[in-house]
Structures are given as C-alpha cells and as structure tokens.
Amino acid sequence: MFTNPFSELSGLIPPLAMQVYVIAMVLLVAGGTVLDMIHKKSAQYFFKNAEKAKAEASRSVSIVEKTTIAVTTVAVDVLTSGEFCNQPRRQAHLLTMYGFILFAATTAIMIFGYIGADTPVILPLLWHLGALMLCVGGYWFWFFIRVDVAAEGNPWYRVVRADLFVLSLLATATFALIWSFMQAVGASSLSMLFFGLFIMSSTVLFGGVLWSKFAHMFFKPAAAFQKRVAKADGSRDGLPAPADKPEQFGLGIKRLLPKNY
Amino acid sequence: MPTFVYMTRCDGCGHCVDICPSDIMHIDKTLRRATNIEPNMCWECYSCVKACPQNAIDVRGYADFAPLGHKVRVLREEEKGTISWKIKFRDGREKNFLSPITTKPWGEAIEDLATLPMPDEEALNSQLLCYEPDVLGYEGGLRDLPGELKQGVYY
C-alpha cells in the first residue's frame, strides 16, 4: 500500500501538470500571505510595536544575544510549540504541524523527483504517516479541544469561517489517505473521486490563505521572537520587572488545566 | 477599570474564563481568543489579569474620565509568591508595586473556618462556594441547582 500514489497517477495526468499545480499552490500561499499582511496591516502593527518596544528599552540587545534569542525561539516556540500552556492543545498542534510538514514535503519530493522512477520506500511511508498525524491531531482538535466545543458548548458540526484552515487541512489529509487506499485496492472510479476531492480541498487550503489562518505559520515565529527580544531589552511589553525573590512555591495556576469554562 | 485582552498575546487557554466570577470572560467565536464580553459588568476584581499565564490581560478606564494612554500591567509569579504592578500614567510617570501573594493555612486568617474540615478535591472542583449552601442558612438548600457545569452563552 505504501507506494508513491503520484506515480500511478502519472498515467492519467502528466507529471508536468502535477509540478505546475504544486508551484501554483506555493505561489498562492505566497500571494495570499502578502495580501493578508496588507489587508490586516499585521506587518505594519508588528514593526510599529517593535519600534515602541525599542523606545521603552532599558538596554540594547547585541547581535549575539539576538542570535541566541532566535535559536531559542526556533527551538522552543517553533519546533516544540512552546507557546501553548494547555498541554493537549500543544500535543495536537505538534501532531498537525509535523504531519503537515511531512505530508507537504514528501508530496513535493515525490512529484518533482520520483514520478516514473523508483521511489525510495521511506517517502510514501512518510507521506502516509504525515497525513495520518494530521488526521489524528486535527480530528482531536476538531472534536474535543476546539474552544467552540470545549468552552462554549457548541456542537462539533457548527462551522464558521474561522474553521476554513483546519477543515480544509483535515479534508486534504483525509481525502489523500482514502485516495491512496482506493488506489491500492484497485477501485479506480472511487480512487478518481477521492483524488478530485483531495485536489479540491488542497486548492481551498492553499488558495484560501487570505481568509483562513494559514499565514500564522509565518507570523507566529516572528511574534514569538519579538516577545523574547522585548523581555531581553527590558521593555517587556510594559510588564513590571520580575520580582527579585527566590522561587520557593509551586507552579500555582499553571499546574491546572482550565476545566470549568 | 475593566479588563481587556491583547489578542496577539492570548493563546486561548481559558484560565480567565475559568476564574472570572462574573462569567464575562469568554472565548471569541471567530478569533478563538479570550475577550471581555461585557466590560460594563466587570467588577474589576482583576482575577483574570492575575491568572493569565501569558500576561495578555490589561485594564483600562472608561474613555470619558480616563482618556487612553495610561497602562496598568501586572506580573503574577506564583513560584516566588509575588505579584508586581506597574502603573504608567498619561504624563509618563510610573509607579511600581510589589506585594506578596497572601496564602495562609486553612483556618488561620478566618478563624471560624478552623472549626470546619478543609474542603476536599471534590468540593474544590464544585461550582459552589465554600460550604455552600449550608452556610447560607436556607432551609432545604438551594433550589434549581443545575446538575451540570455551565455551558457558556448561546446566541
């Protein structure tokens, strides 16, 4: 079952068309992100905020320090989703994040490098694993962790525009897995149906950047970096300085998961 | 001065929703971040400000008597048992306060409680206040007590 699903597809769709589609999706993401930044003025806000923090800074941060902060940001905030204080949310985010990276990267590698050639078995394996991780993390989030369900008591099937990203992501991964399965069992018409749904949902995912929260994967690391710089330069976003006292008590509220809301 | 949330700092964890005694801290349905849905009803206890693990909640006065420009920010460090406040006035003056978080053993601060056993885990997780409804003195207890936890506001 774990074969390159795009190889078999090349009999029907020329590899060049697949490659053009992938490039088109990358361009859609780039264009959507730029439009999103212009529309929400997020970059403008970000730099204005950074300037304000710089004006309130009590010390300057050296390049070496900034590099260390950048490395810490990547290691803690980006690679391990350290921002989340709710552990189930963090785990679900890690699953979907790494699932998406695996899925997207292996898709591109298989389409650009291994159509018509022998695909190393690890690639389709990682492709399926990525899609599966996306499904596990995504459905866990959708049914149990999403605040509309967990906090506001809404049913899981209530859909709003804010769900565009997670739903299109879930649909892409789910239809990809079903398409691959149908291909493996030789159900060609069903396989084509789910391939069509897979392409449709991935086009919505990558083409809907302006309306979804897709762009968070670009601006969140920048915001996390700025937050750490503000701590280092003493501006601390206006927060008081940490108390000069020893840590002698427990974690307090941080040890609890909010559960009555 | 009611509270408001910096959307860019909030991660939607729900601690403020949990702790708000007025039940006016909610998670926004579109942005999935906390928001004070009814600042008029905020009794300014600052529980949410202090509870927020991301320091994403500030307070501000109503614009008619406290035009924007001032800032009140708080840093609660439970590991150290301290709470720090930074008040910034519109003219740039700044005041900093550092206070201990007062935690006293059961029955020491309120002597009457010494006669009662410390609430167990179940009582702590209950929606009722300490030794409610017995301490309220109602005959037969509270009426129409919901069997489930609150489910939020429906629109």
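I count two residues as in contact if their C-beta atoms, placed from the backbone, lie within 7 Å. The model I am reading is predicted.

**Chain B, fold.** I looked up the secondary structure of chain B and found three helices and seven strands. Along the sequence I read the pattern β-α-β-β-α-β-β-β-β-α. I then took the contacts in chain B between residues at least 6 apart in sequence; 43% of these join residues at least 24 apart. Chain B has 155 residues, and 22% of them count as buried.

**Chain B against chain A.** I checked the interface next. Here 33 residues of chain B are in contact with 30 residues of chain A. S6(B) gives the most, with five residues. I sorted this side of chain B by class: nine nonpolar, twelve polar and twelve charged residues.

**Chain A, helix H9.** I tested the length of H9(A), residues 188–207. At 1.5 Å a residue, its 20 residues should span 28 Å, and the end C-alpha atoms are 28 Å apart, so the two agree. I listed the buried residues of H9(A): Ser191(A), Phe194(A), Phe195(A), Phe198(A), Ser201(A), Ser202(A), Leu205(A) and Phe206(A). They lie on the same side of H9(A), because they cover an arc of only 135° around the axis. An α-helix has 3.6 residues a turn, so residues three or four places apart point the same way. On the face turned away from the buried side I noted the exposed residues Ser189(A) and Gly196(A). The cover over the buried residues of H9(A) includes helix H2 (15–40) and helix H8 (164–185) of chain A.

Note on methods: Residues are numbered from 1 along each chain as its sequence is written. Chains are lettered from A and ligands numbered from 1 in the order in which they are written. This is a predicted model: local features need pLDDT of at least 70, side-chain atom pairs count only at pLDDT 80 or more; totals for chains, interfaces and linings use all residues. Helices (H or I, at least four residues) and strands (E, at least two) are DSSP runs, numbered from the N terminus. A residue is buried if 20 or more other C-beta atoms lie within 10 Å of its own, exposed if 12 or fewer, and partly exposed in between; C-beta atoms are placed from the backbone. Ala, Val, Leu, Ile, Met, Phe, Trp, Tyr, Cys and Pro count as nonpolar, Asp, Glu, Lys and Arg as charged, and the others, Gly among them, as polar. The expected span of a helix is 1.5 Å times one less than its number of residues. The arc is that of the directions from the helix axis to the C-beta atoms.
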